[in-house]
Amino acid sequence: MPDASTLTAFALFVAVMTGTPGPGNLTFMAIGATSGYRTAFPVIMASQIGSIFLNMCVGYGLGQAMAGGGPLVVVFKVLSMAYMTYLAWRIVSLSIRPKGEVSLPSFWEGLLIHPLSPKTWTMSLVAYTTFFAGNGLGLTENALVLTGGFILGGTIAHSIWALLGVSILAFLGEGPVLRTTTVVMAAGMLAATVWALLL
C-alpha cells in the first residue's frame, strides 16, 4: 500500500475532484431533479462500474496513450461530445415532455458516463501520475487503490448531487421553472464537457 501521507493527499484530491461540477455530477443532479433519487441511484451505480474500467485502464498504462494525443484521443473527443450531447437531450426530454412519453435513464446509459467523460479521464490521469507513478509498488496494487478511491468518492459525490437535484424538485415543484432549471443543468453539463476537452 502507498504510505499514509500519499493516501491522505490522494483522498483529498478525490474528494475535491469528484465533488466539483462535471458531466457526471450535473447529469445526476438533473436526473434527481426530474425523476428522484431512486431513478438516479442505478445510473450512479452503473457509472461506477464504468469508472472501474476507466481507472484500471489508466493504472495499467492506457492513460499514457491518452496523454500522448494522436488519433485515439481525437476519436475519444468525438465520442465524448456525441454521448454527452445525447445525455443532455435525454435529461431535457425528461422535463419538457409529459411523463410516460420518455423512458428514464437506464443502467446501460450510466455505464458510459465515466469512460466517455473527459473530466474523469483527466482526474484519473493526474491522480495516477501524482500519487502512484514511480512509487515502487506493483501495477495491480496501484490500480486497485486508484480505482477504489474513485469509486468511494464518486458514489458519495454523485449521490449528494442527485439529492441536491431532489431538493430542487421539492423546492420548485413541477412546472416551467423546473424545466428551465433542467435545461440550464444540461447546458452546464455540455459546457463542462467542452471545457474539459479543451484542456
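Helix H1 (residues 4-19) has 16 residues, and at 1.5 Å a residue it should span 22 Å, which agrees with the 22 Å that separates its end C-alpha atoms; the expected span is 1.5 Å times one less than the number of residues. Helices here are DSSP runs (H or I, at least four residues), numbered from the N terminus. This is a predicted model, in which local features need pLDDT of at least 70 and side-chain atom pairs count only at pLDDT 80 or more, while totals for chains, interfaces and linings use all residues. Residues are numbered from 1 along each chain as its sequence is written, and side-chain values use heavy atoms, with hydrogens and water left out.

Thr6, Phe10, Phe13, Val14 and Thr18 are the buried residues of H1, where buried means under 20% relative accessible area, exposed over 50%, and partly exposed in between (1.4 Å probe, protein chains only). They cover an arc of only 110 degrees around the axis, which puts them on the same side of H1; the arc is that of the directions from the helix axis to the C-beta atoms. The face turned away from this buried side carries the exposed residues Ala4, Ser5, Leu12 and Val16. The buried residues of H1 pack against helix H2 (23-35), helix H7 (118-132) and helix H8 (139-172), contact meaning heavy atoms within 4.5 Å.

In helix H7 lies Ser124, which is buried, with a relative accessible area of 1%. Leaving aside neighbours within four places in sequence, Ser124 is in contact with Leu54, Asn55, Val58, Leu146 and Phe150.

Methods. Helix = DSSP H or I, 4+ residues; strand = E, 2+ residues; numbered from the N terminus.
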